[in-house]
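Hi,

Here is the structure I promised to pass on. Have a look, and my notes follow below.

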Amino acid sequence: MLKRRKWTLKETFLSKTRLVLILTIILTVVFNKLVNQLLTRHVPVENGLYSYYTYEYSLGIYGVVFAIPAIFLSILIVRFFLNLTNKNQSKTSLSRNDFIWYSLYGKVIGLIIFVLLSKVANFFTSKMEVTNLWEGFQWFGLVAIIPAIFAFFVAMLTNKYMIRLTRTNKRLVNEIESGLYDTKLRNEKTKIRVLKRLKKGNVSTIQGALWRIRIIDFFIFIGMTLLTIIMFIVELFSPNSAGSSSSVGGGIRMNRLQQKQKTELELKRQKEKTAYAAKEYVKQMNYNSNTIFAQNRADDLKRELKKQKELEEQMKRF
């Protein structure tokens with residue numbers, strides 16, 4: 001009878017990192033809610049309008065410490081269910097000793113940083129008076145916008161650095177270059193753009209690279225559309241727009257003059273070609289008029305005379 005192999009804590013974390021991380025976030029939030037609820041007190045109020053007064057308790061940013069027990073508990077829970085179902089690790093995860101960094105990790109780090117910075121900013125701006133829309137926008141920028149921008153760049157740089165450090169995308173890049181994913185990457189342009197994102201370390205999966213490409217293309221489209229609208233509005237309300245009709249008329253006259261000069265130059269060159277063709281025809285007729293070369297020279301002369309006539313007709317129209 002074969003002995004059932006048991007999952008270790010290390011194997012569980014390396015093989016099911018995403019699941020462990022998601023479960024850790026959920027448990028951390030649950031622990032915070034539970035502790036805050038337990039420490040909240042209802043105090044009786046005598047001779048008051050309400051019979052009870054509630055003192056709401058909150059751990060605030062210190063609740064992040066519950067992530068430490070939460071991650072260990074998450075690994076144990078995942079390990080328990082894996083051993084219960086006797087699900088073996090994939091060959092890929094067993095044959096790899098390196099640590100795979102998923103972009104989800106950086107996003108979670110960015111989210112934690114955003115929450116911490118937002119709470120700190122909210123604490124320091126608690127005494128800030130908001131009496132109008134502009135002051136409200138300033139408060140929102142300090143509490144939400146600036147922490148969000150900072151957290152976004154931290155998450156992006158963390159993912160980029162860790163993906164390169166752990167060489168997470170090395171095997172995936174080699175597989176794409178060998179043509180393993182040609183059915184998913186149907187054209188060469190998309191394949192090149194996906195490889196560029198993976199080599200830069202912006203993402204760790206093909207799907208993530210495709211989503212990033214779609215988002216970039218969308219913002220480029222929006223930017224070009226807005227730029228076109230702005231240019232149209234500026235042109236429409238420009239002070240020089242009133243004189244646009246005269247400018248157009250002057251431009252048309254200038255184009256006709258340039259076209260006439262160009263036609264004159266072409267006609268001069270064509271006359272030289274016609275004269276040369278006539279000279280060659282006469283030379284061939286004097287040498288031998290009964291050969292195919294004489295006929296070719298005659299055809300050349302007719303063709304050059306036709307072009308010259310067309311240019312002379314164009315000059316008459318100016």
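Gly 179, which comes after helix α7, has a positive phi, near 90°. Helices here are DSSP runs (H or I, at least four residues), numbered from the N terminus. Please keep in mind that this is a predicted model, where local features need pLDDT of at least 70 and side-chain atom pairs pLDDT 80 or more, while totals for chains, interfaces and linings use all residues. Residues are numbered from 1 along each chain as its sequence is written, and side-chain values use heavy atoms, without hydrogens and water.

Now to α7 itself, residues 170-177: Leu 172, Val 173 and Ile 176 are buried there (under 20% relative accessible area with a 1.4 Å probe, protein chains only). These buried residues fall within an arc of 100° seen down the axis of α7, so they line one face of the helix; the arc is taken from the directions from the helix axis to the C-beta atoms. Their cover includes α8 (188-200) and α9 (206-236).

How do α7 and α8 pack? Their angle is about 165° and their axes are 10 Å apart, with axes fitted to C-alpha atoms over the stretch in contact and angles running from 0 to 180 degrees between N-to-C directions. The two helices are therefore roughly antiparallel (over 145 degrees). Leu 172, Val 173, Ile 176 and Glu 177 of α7 meet Lys 191, Val 194, Leu 195, Leu 198 and Lys 199 of α8, counting heavy atoms within 4.5 Å as contact.

Elsewhere, Thr 28 sits in helix α2 (residues 17-39) and is buried, at 13% relative accessible area.

Best wishes

Key
Buried means under 20% relative accessible area, exposed over 50%, partly exposed in between (1.4 Å probe, protein chains only). Angles under 35 degrees count as roughly parallel, over 145 as roughly antiparallel, 65 to 115 as roughly perpendicular and the rest as oblique.
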